[in-house]
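Please look over the sequence and the structure below. A short briefing follows them.

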Amino acid sequence: MQPRSDVVAGDMPDAVEPGVQGENKDAKTAMIEVAEKLIGERGLDNVSMRDVAAMAGHRNNSAVQYHFGSRDGLITQILRRRLVALDVERKRRLAEVDEQGLGTDLTSLVHVLFGPMVDLLRAQPEATHYARFLQRVGPVMGPAVPEVNLRTTTDDVVVRLIDVLSHLPRRTAFERIDLATQMFTGSLAVYEDRRDANNTVVNSHFDSVLAHLYDMVEAALRAGVGMGEPRSEVADTPEPEVGGG
């Protein structure tokens, strides 16, 4: 089903959702925040729109359809809210590293790419479930957000990274960046799960997790082609000594 981003509350008759006139913005924001949390915790298939409406304080089970047109419309709005805000911050950071003469530095570009999401999670450690939400729906639903069809700062950062990774074919560089992004987001999602479960066996400190992730991403991007191939039996066999003796 294609997301419907063209449905707004004003397009629906008043009788569909009585008692919300003048409160549409707050009602929509509440459902967006609740849906992000529930989907992040349970997964997309384990959250009904009735659950979202109820936890957002609505007695009308059609509240999601009224405000967003469909479940996909709601998810699109969650993604749009976060992606647009993160891209604005990414633009600021990119301008900053350019001023410092670091606009083609791999380490700086990696931090520009991931730093805005890190700061979002750091600012709201108990209220944000964005990493888990993005892990569950972003790779599939993200391309449906209208803004992704426009040239964004995120695109500019990725293109610069591809240029920096001149030791890789451009397509390989793009795929490496995409996989690194999934690893980064997925690892933060696991951190969120462990945090909520009070699991402190490993990676219990946010800054420690980040330090590992940034090191791992840079190492992955700097790696050459074929470095992850398993060694063959022939390669594993010790070479005969020369000269005997």
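Predicted model: local features only at pLDDT ≥ 70, side-chain atom pairs only at ≥ 80, totals over all residues.

Residues are numbered from 1 along each chain as its sequence is written, and side-chain values use heavy atoms, leaving out hydrogens and water.

**Helix 5 and helix 9**

- The axes of helix 5 and helix 9 (residues 206-222) come within 11 Å and cross at roughly 150 degrees; axes are lines fitted to C-alpha atoms over the stretch in contact, with angles from 0 to 180 degrees between N-to-C directions.
- The two helices, helix 5 and helix 9, are therefore roughly antiparallel (an angle over 145 degrees).
- Residues of helix 5 including Leu106, Val110 and Phe114 meet residues of helix 9, among them Phe206, Leu210 and Tyr214; contact means heavy atoms within 4.5 Å.

**Helix 8**

- Helix 8 (residues 170-196) has 27 residues, which at 1.5 Å a residue should span 39 Å, and its end C-alpha atoms are 39 Å apart, in agreement. The expected span is 1.5 Å times one less than the number of residues.
- Among the buried residues of helix 8 are Ala173, Ile177, Phe184 and Arg195.
- Asn198, which follows helix 8, has a positive phi near 55 degrees.

**Leu102**

- Leu102 sits in the loop between helix 4 (71-99) and helix 5 (106-123); helices are DSSP runs (H or I, at least four residues), numbered from the N terminus.
- With 32% relative accessibility, Leu102 counts as partly exposed (buried is under 20% relative accessible area, exposed over 50%, partly exposed in between, with a 1.4 Å probe and protein chains only).
- Beyond its neighbours within four places in sequence, Leu102 is in contact with Val97 and Ser108.

Terms used:
Parallel < 35°, antiparallel > 145°, perpendicular 65-115°, else oblique.
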